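I set out to record what surrounds the ligand and which charged side chains pair. My entries follow the structure.

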Amino acid sequence: MLELYHHGSSACAAKVRFALAEKEIAWTSRYVDILRGEQFAPAFLAINPKAVVPVLVHDGEIIPESTIICEYVEDAFPDRPLFPASPLQRARVRWWTKAVDEELHPACSAITYVVSHRHTILRNGVGDFEQFLAQGGAEGREARTRKWRWIQEGLQAPGAADKIRLYDDYLRRMEQALGDGDWLVGDRFSMADVAMAPYLNRLAALAMEGLWTGGRLPRVEAWFDRVRRRPSFHPGFIEWMPEDLAEEMLGNGRRSWPDVRKIVGI
Ligand SMILES: N[C@@H](CCC(=O)N[C@@H](CS)C(=O)NCC(=O)O)C(=O)O
């Protein structure tokens, strides 16, 4: 039995849901409301001391980290493969998954907090700085302090604008990688597309599709339309996203869009 600890708005959890749906694998939901601090509950910390989702539990074995989960699922359930057969194309796929883990995901967290989650968290009650630090589990003082500033200062927080520019650079790399093809690596949908989809979906959820629409990055626009039309898109991205949170993110994103445009020079 496969159990997935996840949250509706988590990009890396969406990546795992998307991969599972592509591979038509059934799973049981263990929902962790990370905007209400459920990731710090002792029962969840026993599963993942890092206090983050997603975590997969397969027949009692705990597998954390979204990229590792997707690779594990591919190895354990090889039907409907998400990795190409050729070594070179597998290396190209891994270039994207590594970029997501190392750069895009941290940028996505920052953008989501400074544009939207900060409002939700402030409304739910964040306590004072010391309480916030103490709550962070293994996250560490530096990361926790950075998050506190995202919550308190929004787009004015140090480094926030750089994260938006980094994201924009990746969109341009996608435009280049797509060339005349439909997908990021080779001519088949792959884990590279699975890995990138949540990060464009997040920008769309924050009303920032203008970063690629309107003729700015037409191949990226067409790619995201193709991704959205896949039957796996709904179970990956829509089904678990709380409607009120989706509305809130869209509204907060719309209010931030003029500042985001200025940052990327549109
Ligand atoms: N490298 C991890 C990152 C996991 C992560 O950052 N998860 C976020 C949601 S996307 C989370 O649970 N955050 C909890 C928090 O912000 O306290 C992975 O890919 O699984």
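**Ligand contacts**

I began with His105, whose side chain places an N or O atom 2.9 Å from an oxygen atom of the ligand; I counted a polar contact as a pair of N or O atoms within 3.5 Å. Tyr113 also has a side-chain N or O atom 2.9 Å from a ligand oxygen, and for Ser66 the distance is 2.6 Å. The protein covers 85% of the 510 Å² of accessible area that the ligand has on its own (Shrake-Rupley method, 1.4 Å probe).

I noted that the model is predicted: local features need pLDDT of at least 70, side-chain atom pairs count only at pLDDT 80 or more, and totals for chains, interfaces and linings use all residues. Residues are numbered from 1 along each chain as its sequence is written, and side-chain values use heavy atoms, without hydrogens and water.

I found 14 residues around the ligand, each with a heavy atom within 4 Å of it. Among the closest are Gln39 and Lys147.

**Salt bridges**

I looked up 18 salt bridges in the structure, each a side-chain nitrogen of Lys or Arg within 4 Å of a carboxyl oxygen of Asp or Glu. Asp101 and Lys15 form one at 3.9 Å, N to O. Asp101 lies in helix H4 and Lys15 in helix H1, so this pair ties together parts 86 residues apart in sequence (helices are DSSP runs of H or I, at least four residues). Lys15 is buried at 1% relative accessibility, whereas Asp101 is partly exposed at 35%; buried means under 20%, exposed over 50%, partly exposed in between.

Methods
Polar contact = N/O pair within 3.5 Å; in protein donor to acceptor, adjacent residues only side chain to side chain. Helix = DSSP H or I, 4+ residues; strand = E, 2+ residues; numbered from the N terminus. Buried < 20%, exposed > 50% of the residue type's maximum accessible area, 1.4 Å probe, protein only.
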